[in-house]
Every structure is written in C-alpha cells, then in structure tokens.
Amino acid sequence: MVTTKRVLIVDDDIGIRRIVQLTLQALAKWDVLLASSGSEGVAIAETELPDAILLDVMMPGMDGMETFVKIQANPITKAIPIILLTAKTKVNEQKHFNNIAIAGVITKPFKAPQLVDQIRSILNWN
Amino acid sequence: MCIRDRIWCQDHSPDILLVDYLLPGINGLEFLLQLQKQTGHERISCIIITGQENQELAIELLKSGAEDVLDKNRITSEGLNRAIANVLQRSFLLRQQEFQRQGRSLIEAITVHSTDKSSELAEIFQYTVDQIRKLLQCDRVVLYQFQPDNSGKIITESVIDPTFSLLGKDIQDNCFAQNEEWKEQYRQGKITIIEDILVGSHHSSCYQQFLEQIQVRAKLSVPTLQNGQVWGLIIAHQCSNPRSWSKAEAELLKQIAIQFGLTIQTVLLHQQAKKEREERQKIENVISNISTVLVTKIGEDFLQVLVKYVCRILTVDYVCLAEIISLEKAKTVVVSDQQQIIDNFEINITDPPCSEVVKAKPNTVVFYQNNAQQLFPEHKLIQSGNIQAFLGIPLFNSSQEAIGILTVLHRYPLENSRLAEEILRIVASRAGAELERQQIEAKLRESEADLLEAQEITHVGHWKWNKLTNEVWWSPEIYRIFDVCPTQKITFSCFVNQIHPSDKDRVLQDIEAALQGEKYSNIYRICQSDGKIRFIQSNGQAIFDAQYNVVGMKGATIDITDLKKTQIELEALNVGLEERVKERTAELTSVYRRLQNELEERQQIELEKQNSEKFYSVYLEEELLERKRIEQALSESEIRYRRIVETSSEGIWQLDQDNKTVFVNPRMAEMLGYSVEEILGKSFLNFLLETDKKSVDDLLGQLQTLIRQPYDIQFCRKDGSILWGMVSTRPIIDESGQYCGRLKMVMDISDRKKAEEILKFQSQILNEIHDAVITTNVQGIIQTWNHGAEELYEYTAEEMIGQSVSILYFAEDLQKMQTLVFDPLMKQERYQLELRNKSKSGREIYVRLRLSTIRDEEGNILSIIGCSNNISDRKQYEQDLLESTQFLETVLDSFPLLVAWKDLNLNYIGCNQTFAKACNLFSVSAIRGKNDENVPWIPLEKNTNHDRQIIQSGKAELGIIQQYLQYDGSIVWLETNKVPLRGFDGRVIGVLETSQDITSRKQNEGIVKEFNRRWRSVLDNIQMIVVELDHNGNVEYINPFFEKISQFTPEEVIGQNWFSHFIPSDLYSSIESVFQEVLKDNTHEYYVNPIVTKSGEKRIIAWRTCVLKDNTGEAIGVISIGEDITEQSRLERMKSEFVSIVSHELKTPLTAMQASLSLLHEKIIDPVSEEGEEIIDIAADGVERLVRLVDDILDLERLRSGKLTMEKKHCHTQNIIAGAIAQTKELAKRADTKIKVPDQSFSCYADCDRLIQVLTNLISNAIKFSPYQSTIQLSVENKNPPSNQESNAKPYLLFSIRDQGRGIPAQNLHSIFERFQQVDASDSREKGGTGLGLAICRDIIEQHGGKIWAESVLKQGSTFFFTIPIHSTEVTNGDN
C-alpha cells in the first residue's frame, strides 16, 4: 500500500496556507498539515512527524530560522526535511541558507502547479 | 603682327603698346610673349584691347605681362587716356626705380673700389666714367681735374663714339672767370645743368662757343671735393642732341661725385700708406744691411764702408763724415763719391749749412732739398760742385757732445726726403759711436804711452797674470828688473823660477792668499840670470770675471834692492849698537859693583890709613881722580839708564840668582799696584796668579841662561785684580860669564787678553749659533764660514773659504744675486732679504739673509757680513698655508652660506665671495675694516649684540634667527651661527659667523604653520573621529570629536592599546589582525567596525585608514578617520529590514494571487467550485492588500519627501470625526465596538482629509486591538496655553483616542510610529494592517506642526494623542 505523503505547511499568511494546501491536495494528493506560526509548527512537527515541512522564513514571533533550529535540535524531528519558503530571491540574500541543513528553498511568489514538482525534485519524491 | 613689327618695337622702344587681342595669325598675348622673349624684358608697357568679355582671359593677359586690358565695347577716350597715363606712370616709376637701383650699385661699386687696396686711381676713374655714361645713357662723360693754377684738364673720359673723345686735347676755357667765386660755388656743391646750349640765356655766348667747340649740346656737371677742397668735376655731355636732365639723374650724379671724392681720398690714403710702408721697409732693410755690412768692420774701414753705403742707398753724389776738432775746425775723416773715397776734401764748419749742422740737436737733420746753390752762394763746395741738395746731421758721443757731422751733397734735388732723413739718423748713431770709439782708442793709446814712460822713469813695472792660460804679461820695466829679454814670453812658472828659493814658499803662499781675495803685498828676492839677487816689492790683487771667479792677478812691482841694502846696513848698525849698549850696560853694572866694593874697602882702608895719610895721599889722590872720572862716567851712564828705565812704558824687573827682586821700575810697580819698595826683595813668583806660578817656576828653574821667548802670564795686583803681562826674559851674565840674575821686560797685555777673550767668546758664539754667518770681500770671496754655515750648506769651512759665494746660488738666480744682494749694500749699511740658496747636495734652501758691511775710515767696504737662517720650513709652511688658504677660500667661496669673520673691535677682517657679493663688493678684501653698519641689511629686532657676548664668554651661539630689512625694502630671514675665533694661545681674537638665508624656509614654516593650524582646526572641528596609532596599536592621538563620541578624555586614551580598550572584545583579535595587515600591506583602506564608548555603548565607525611611514618607508603607525555611522547603520539596517519586510509584504499577497490564479488558470481547481471561490477570494484579498500596501508606501514616501502637501483649510473637528467614523463604521460593527465621540466641535486650520485619514487609522487600530464589544473614546480639547513673554506657545486642539485593548509596552511607545514597527508583526497580517499606518499619521501630524504620541497601560488599554494648531476657536455643540 502506497502511503501518501504528509506535508506540514508553516506560514503566518492564511491565504498562502490555503493555496498551498489546495495545490498539494489537488495535484499530489498529499496530506497537508497547517501551522500559522513557528511555535505551532514545532508542536505539530513533533506530534505528527510529517514527511516534509514547508517553512515560511518571515513570520512574526518565532521566525522561520528559529523554527528550523528548534526542529533540528529535536532528535525526533531532526530528520524531517525542511523546505524554506522565502521572498529573498537574490543570491546574497540566500547565502546564509547554505550553511544550514535545509532540503531546499522555494522562492515566493511561486506558481502553484509547479510547487509539487519543485517539492518532489527537492525531496526526491516520485 | 609679324617679326617686322617686333623688330620695330625692339628698335624704337615705344613707351607703350596698344595691341588688339584678336589679330590674324597671332593674338595679342602671343605677340606680347614673343616680344618679351625677344627683348628680354619681362614687363613691356602694353595695353591689350579686346572685345571679348572674358574675365579669365583678362587675368591671363595681366599675368602674362600686359599692363592693362581694355574692353572694346566699353572703351572711352577718357578711359583710354587714363589707362595709358597709368601705364606710363607705372613705367616711369619702374624706370625710376631701376635707375636708382643702378645708381646705388654704381656707388657701391665705387665704394668697393675704394676699399680695395690694390685699386689704382686711373682704373677707378675709368670705371666710374664708363658706368656713369651707361647709366645716364649719354654721349660722353669726363673727369675734369683742377690744377693748382686753377686751370684744369680732362684726365679720364668715356665716349659712346670715339669722335667725341676729348682726351689728350688741349682745351682752354678762356671764358671761365678768373676770380675764385666759382671755387666757392663748387665747394658748396653747385650743379650745372644745360639742356640745350642753343636755348637759354644763363650762359655767355663765349661759353656757348666753347661748348660747341667741344661738341657739347647738353651738359650736366657736378663738383667732386677732396678734403673739403674742389678736386674737379664729373661732367656728362650729350653731344648731338639737346637733353632734358632729370632731377634723379642730377641727384644721382651728385651722390656719385660725393662717393667718388671719398674714393679718391681713400685710394690716395692707401697709396700713401703703401708708400710709407715701402719706405719703412727700406729703412728696415738699411738697418739690417748696415748691421750685416758693418759687423766686421772697425776703425776707418768701418767709416768708409758706412759712407759708401749711404751714398749707394741714397744714390747721392757725396757723403762726407767729418770730426769736429774745435768749434771752428773739423777734420774730414772720410768722403765718398759714389763708391770711391775722395782724399783732400775740405769741409768748412764755420759757414752754413755745416755750421747749422754742428749746432743742431741730436737726431736733427738739416735738410735743403733742392735749392742749396741759391741759398748758399758763399759756400765754395756747394757752388763748385753744383750741389742742389744738402743734408747734414750731427754726430754725438755718449756724453751728448757733438764730435762730428755727417753730410750728404747731391747735384740734383732729393725727392724722397723722409727716407733720406731716416737713413741719416740711423747711420749717424753708428757713425757717432764709431767716431767716439776711435777717439777713445786714440786717447787710450796716448795714455798707455805715457804710462810706459812714467814707469820707465820711476822703475815701476806692472804685470798681469792670466791664471787660466798661465801667461804673464810684464811691462818693460819688469823685464828690466828680472833681467829678461823683453821678447821672451813669460809664464807663471818662469816667474816662480826666478824667485829666491828661500822666499819662494812665502811668495806662493801670499799669491794663494791673494787669489782668495786678500791683498797681495810682498817683498822678496829674485835671482837674476847673472846670479845677482835683487829685492823687489810687489803689490797686486786678484782679477775676477763676471761670475766672481778668479781669473788671474795684476799688480805693480818695484825694485827695492837699493832700499833694502840701506835697510840691512841700518839694521846691522842698530844691532851693533844694541850689542854695544848691552855690553856697555853689563860693563857699567859690574864696574858699579866693583866700585862700590872698592869704595867700602877704601873706606876701611882710609880709616886704617888715616894715621898714615901722607903715605897714601898721593896714591889716593890719583886713585880718587880715577875714581871720580869713572864715577862721573858711570853716573852719567846710570842717569841715562835710569831715565830709560824709569820712563819706559814697559815694566822692567830685575831678579837675582834667587829670583828675588833687586829692581823694578816705577812702571812695573804701577802695573801691579804696589810700590817699588813693596816689591823689592820679593820673589817674582809672589806676584803671579797661583795657577801660573808653577809653570813659571818650572821655567825659572830651567836653563836659566837661555833667552826665553816671550810668554804670557797673569799677575795678581795688589787689589786682587788680574794683570796679563807678556814677559820677555834675558839672563844677566857678569864679566866672568856667571849667571847673576834675570832682567824681565813686562808688557801689559790685559787689554789684548780681554780683546782675545772677547774675540774667543764671540768666535764661540759664532760657532755655536745656528745661523750661518759668512763674511766675504767685496768681490764675494768667502773669508769666514762658521759652524752654522757648515750645517746649513753642508760645506766645511776649508771647502768654502776662498771660494766665491756664488756657489751657494742656483744658476738661474745668479743674475739676481748682484742686484739683490750686493748692489743695495753700496747704498746702505744693512739690508735683509729672503732668497733661495743651494746646499752642497743641491738641495734648495730658503734663507733670510741679513747683510751688513765693515768699512774703513773712508767708507770703503772691507768685508760683507751675511747672516742666514734657514726659513725653508717657514717657506713650506707659508706655501702650505697659502694652499690651505686658497683651499679654504675655494671652499668658503663655494658655500652658499654667508661667511665672514670679525676682529675684537667687531670690524670685518674677511669674508667669502657669497658674503662679498651680498654686500655688493667687488672683492672679498673690500670687506676689511667694515662693520655691521656697512652691510646692506638692518636687523628688524633689537640687536642683542651677540658678538660682544661671544667675545666675552668665549662660547658659540648657534641658530640665531633674525629678520633683516634690506636696502631694497625686502625682508630677509637669516639663521646665523657665531663662534669665537681663537689664536694659537687659545685667546679669543674675533668672531666667525655663518649665515644662511632661511627666508624661504620661514615662508614655508609659515605655510606649514598655517597648514598645521588649518589641519588642526580641521581635526578639532571635523565631525569625524581621527585616531592615530603607533605600530603597536597604541593611541598617539585622538581628536575632540572622538572624545565627544566616546566620552573618554585624552588622558584616558593616549598611550592605551586601541584594540584592547576600545574595540569590543569579541572583535579584538580580528580587528587587530586587520590592523597588522594594514601596516604590512596597506590593505583595508576602508572597513567598518564598532568601538566601545566609555558608557559601554557600541558605535559603528566606518574607517578610512592611511599608513604612516618614516623617511625610510617603514610603517610607523596608522592614522584613521572614522565616520560614526551608528545611526546610519541603524537606518541602513532599518531600511534593509524595511525593504525586506516590504518585499515580503508585497510578495506575500502576490504569492497568494499568483498561486490562486495559476490553480484556476491551469484548471486544477474549478473556479465555480467552492474551492474555486475560496481561491478567488484569496486572490482578491491579496489584491486588496497589495493595493493598500502600495498606497500606504506611496503615501508615506510622498509625505517624507514633501511631495504630498497639506491642503489646509478651516475644518471643524466634528466633521473630521464624522468622516473617520464613517470609514470605520463597518469595522466597528464587525467588532461590535462602540465609539464615543465628543460633543464639542472646534475649528482648526488643517488638511481635513488627512486628519480624517489619521483619525481613521487610529480608530481602526483601536478597534483592531480592542477586545470584542469594547468601547473607544474619542475626545477633542481646545488647548490654549497662557501666553507670556517667555513662551511662544500657540493654541492647539488635542485629539485623543482611548481604547480598551491589550496595551503597548512602554519600550514600544515610540517605535510604533516607525515604519513597519508593530508591537507584534503578526498583527499586520491578522488585522489587515501594513505596519505603516502610524508612521503615516505621524508624518501628517508633524506636517501640520503638531505632535502624536501614545500612552498605554498593559492589559488596560492605550490612548493615542495628537495635536493640531488652531487659528481661531469656534465652539459649537454637536452630537455624534
């Protein structure tokens, strides 16, 4: 039995959460978990252990980098691949991502139909 | 047009050609060109007439040489006339120009001829007339020269046709005025112009006929002057036709005449100079020839050759040389008739012209060139010989006495008088000298004859010995004395052989001494050939050559044989007499004793025989008579003896056998200071000095009977003084031959001894002193040579005595020796000089020679004393000193510094060239004697008189800097070093000062100072940090701004390590390593790092660093200028964050929009489905957010940049509130929030819409951040602060919006009004805010001149306030 993927989306913007959810569900039939803040995202990651996490960088309160550190620091959630969602498109803006163990970066804005392919490509999912 | 036409033109030379251009066969241009070619004239006065209106053709015609081109169609008579006139005028001017050019050329050519020394006048004349004729193009040009009698003749001509020639023809102008008026007119430059002799009345018919006679139709003449006098005329003739002479021609001829006159003068001068040169050459040849010809001639032969030579050179008939015997009589010495000597030629010096010659002064020539016969009708010789010319010159001897005359007589006038005079003068001096020589020779011969005669009479002969050839010359008397044949040649050996053997050595010694310079005076015997002995006395002296070498002797000799005989006899007589006296004395002495004894005996006998008187009376009487007689004789003898003894100037001392004194004469007693009685009976030895007693004692004991040679002995006077005496001793022998005592003669030689002692002492001194003391005789033969001389010159006394002092001189100095050394002594007693001598080894010695003389009573020099001391060292020192001085002067002069030195009186005694030049002196020596008042600069500051202080203290003063005012008004700075000058003894003798012009340095210092001041001002005032660190990172300098920023004081910073004290500890090492890299590689010119202030605050500083290096290029530290970019960084950071946030905020809704639309577009989601509608809402919402965000950002930007202006007008607060309520009604409704509004309404002056915007934002925030169903309170208050003089507060409205929300932390109360600064950023998403609202509100309120702020209590709520200024209050009641 093929288990469908479960992806956690952590983004403070409700619209983006909903769009991404609809996109992943419609195109990839993945299960989508939603978190509206970094702290919520950490909690859900610990409890749900998703297959991947789409993490917005700029969030109020615990921003994406703090959330990432917390998830990485937790041995339970450490192995979950994390894809950052960021509006920083320039190389020098993304350079600090190079030193952390993220799976990949998807820049905003993105086209929803290509989102699934990008995730698959980054995570090497079929 | 054809060749004929061209030939016609060529022959007739028309003034102008008018040529039609278009002609059959050849056009006008071609014709013109061919004519030009044929005539060779480039320009031909030609006017081309053409009917073609072709400008190009016209240009070509003009270029080809046509003077003008006329259009046939437009030609008029006036135009044609004008064109012709122009062409003619132009041609005339050209001709004029050409004429003048040719004239100038001719004048130049004449001038060139004048400078050509080889030019002859005739050539110049001919050339001139030829050229004038060509120039004027006339028929004839002549040169007419005036003669002294005012007549004239043509001397040169140039004619176009030989038939016009006047040369050689006798032309007499009888019409010419005989008075001198014409001369003056010509001298004034009168020009004569006759254009036609047949026309005009300004000349006489006579003159006209004259001119016709010489074929003159027209004439132009100008005078030529030479040396201001009229020389002649230059005349141009036109023979066949009349002619109009132009002004230019007359003027040109006048110029030529002037130059011609100068040329004549110049050429004549050249010729004269040439003639004089030839004459001078002749004279020089004469002098040379005379020397050559006469060099071997002497005597009459000489004079004969001389007169013959003069005859030949002057080519005259007679030359006569006569000797003046007396004023009235002259003896003809020699006369030459050409090359023959004439005898019996009598000359009369009492009549002129010879008398004139006799009376003339030296070198004066009496000269009658050509009229001697007329002038001297009485002179027989002149008349008989038909003599025309006479020259005569007196002959003088060296005493300027006239001793003869030299005369020249010639039958024809003498042309070249000057040459003759010169030759006579030259010859006269030689002739006079020769004549004088002959006269002197004659006198010498006469004297010689007289001398010989005198010698013969007096039997004195003289002799001469040539040491070099060994030959001896004797006068006849000596031959007679020596009894030698007069014809025999005598040598020195012959002479010596005739000297008596006993006297030979002595004579030779004396001769040797004489050769050394001593006087020779000797009496010796010679042996004649017959064996007879003759006594001769010979006196003489050495003969020296020019180099003071002895070359022989000369002297006189007299036969003194007879005299000697007489002397010998006399001596013999004297000896005999002395013997007899001695014998007689001894005899008398013994007789005296005997008589005394006898007397005693007789007395006894007498007593005994008194009784028998009678017996003995007869015997006694006879005995008494005998005794009386003997006694008488004895008494007389004794008296004489006593007289001799007592009056003798010598001491006489008689001793007995026991050496006891039996007699001393008074003189002896006087010499010893004793009385006679005190001496009698005492031993001779008692009166001697102790040291001499023994020797005398020995003498006394030895061979008493011998007569001793005199000896010197010291006596001891009574007073203890010493008496030197020369003692001669003779034994006294009685009749029996027994020794009975001694007789001593004592001569007082104390003075002599003293003198000897002195001499000895002086001699010792002489030998001990280091100076060389040399004495010579007048001829320079060395007589004494002391030890000092031996040391100095390395010659021994034996080597030098008798030698010439010239040995001590180098060959090249010998000449000077006489003039410098000996000659001055003739005039003065003492003299000293410095000169160079030569030692035996050839070494050069410089000596200071002090000379003095020893003279006899008549003042004749007997000896010359020279004292020399070696100054070679001093000379060397002087040379070294001179070189050092020159070197020092060179060094000093090459100094760019002013160097000068002063004496103790502060007067300058020397300086270098730089100083002298600065003082405008021509030489360094000119500074001597000047002082500071004479230098061209005055100190501006009060002079502290450094010089005096230096002299007194003896210490140098360096680096004295003073300003000076120069005479030209400029200021100069001088830095002077003054040091004391010291003498050898260390005493200060002056001041040496060296000065350097530091004006430019001072100026630079001023500039540097100003620069430093400005730099310091910059550093102190710049609003940037300036820090200087050493290579270790320690602080060396901070500027005031750093102090302000960091709150550290300089004392707390300077010297501290920058990195450890002022850099955050976590960055210490990295910043420090950057510093090292900067020091090493000068990298990191710009970098940014934080510093820590005293309060611990971190300030971000942007540094620009520069490495400081020393002279060798080594880094010694850094200086950094830092800009406090803390605020800037914060703002940058904020900006970066803002951009980041804005970017995020913009991209977020864009992401929602793009994703939504892509889902719909790709039909992944059905748009009409529920999800589709949701997606569309998300997209729409995103759009709204985006629009709001963009609007807010733009609003904010417009507000910040001032682009958004407030449209202020009177508003009512009621309306503003109502507008805001309307906009927030829906939101309030959703949140079920009540909004309470104020009742009062106020008026304000503001942009109502913007206030609504502010209030809307604040109300929206209050609603958003209040809980559900809360209440928001709005209020407006009219605030009217009390106005007073101290505050300018204006009335304002205070708006307040109070909510019941969660409150705002105190630390955020200010920052919430910044862009994107929210208490919680999530609020912007949830609440729909952009984060810019409050920032926009602040800007709007601040642009109204109001303030906005917030007050809050957490969990209770916040109140936002803002104020708006009002202009008036209008209070109304209003409801919400």
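# Exercises: a disulfide and a chain contact

With a disulfide taken as a pair of cysteine sulfur atoms within 2.5 Å, the count comes to 1 over all chains. The model is predicted, so local features need pLDDT of at least 70, side-chain atom pairs count only at pLDDT 80 or more, and totals for chains, interfaces and linings use all residues. Residues are numbered from 1 along each chain as its sequence is written, chains are lettered from A and ligands numbered from 1 in the order in which they are written, and side-chain values use heavy atoms, without hydrogens and water.

## Exercise 1

Find which cysteines the disulfide joins, and give its handedness.

Step 1. The partners are B:Cys1211 and B:Cys1248, with an S to S distance of 1.7 Å.

Step 2. The torsion about their S-S bond is about -95°, so the disulfide is left-handed.

Step 3. B:Cys1211 is in strand β42 (residues 1209-1212) of chain B, and B:Cys1248 is in helix α37 (residues 1248-1264) of chain B. The pair therefore ties together parts that are 37 residues apart in sequence. Here helices (H or I, at least four residues) and strands (E, at least two) are DSSP runs, numbered from the N terminus.

## Exercise 2

Decide whether B:Cys1211 is buried or exposed, then do likewise for B:Cys1248 and B:Cys239.

Step 1. B:Cys1211 has 2% relative accessibility, so it counts as buried. B:Cys1248 has a relative accessible area of 12%, so it is buried.

Step 2. B:Cys239 is in no disulfide; its nearest cysteine sulfur belongs to B:Cys138, 8.3 Å away. At 10% relative accessibility, B:Cys239 counts as buried.

## Exercise 3

Describe the contact between chain B and chain A.

Step 1. Count residues. Using contact as heavy atoms within 4.5 Å, chain B supplies 26 residues and chain A supplies 22 residues.

Step 2. Take the area. Buried area is the accessible area (1.4 Å probe) that two parts lose on being put together, summed over both. For chain B and chain A that is about 2,000 Å², with 70% from carbon and sulfur atoms. On the chain B side, B:His1144, B:Lys1147 and B:Thr1151 lose the most area to chain A, together 27% of what that side buries.

Step 3. Count salt bridges. The criterion is a side-chain nitrogen of Lys or Arg within 4 Å of a carboxyl oxygen of Asp or Glu. Chain B and chain A share 2 salt bridges. B:Arg1185 forms one with A:Asp13, with the closest N and O atoms 2.5 Å apart.

Step 4. Assign elements. Those giving two or more residues to the side of chain B that touches chain A are α34 (1126-1161), α35 (1170-1201) and α38 (1322-1326) of chain B. α34(B) gives the most, with 14 residues.

## Exercise 4

Locate B:Ser1046 and list what it touches.

Step 1. B:Ser1046 is part of helix α30 (residues 1040-1046) of chain B.

Step 2. Its relative accessible area is 0%, so B:Ser1046 is buried.

Step 3. Leaving out residues up to four places away in sequence, B:Ser1046 touches B:Thr1093 and B:Lys1094.

Methods
Buried < 20%, exposed > 50% of the residue type's maximum accessible area, 1.4 Å probe, protein only.
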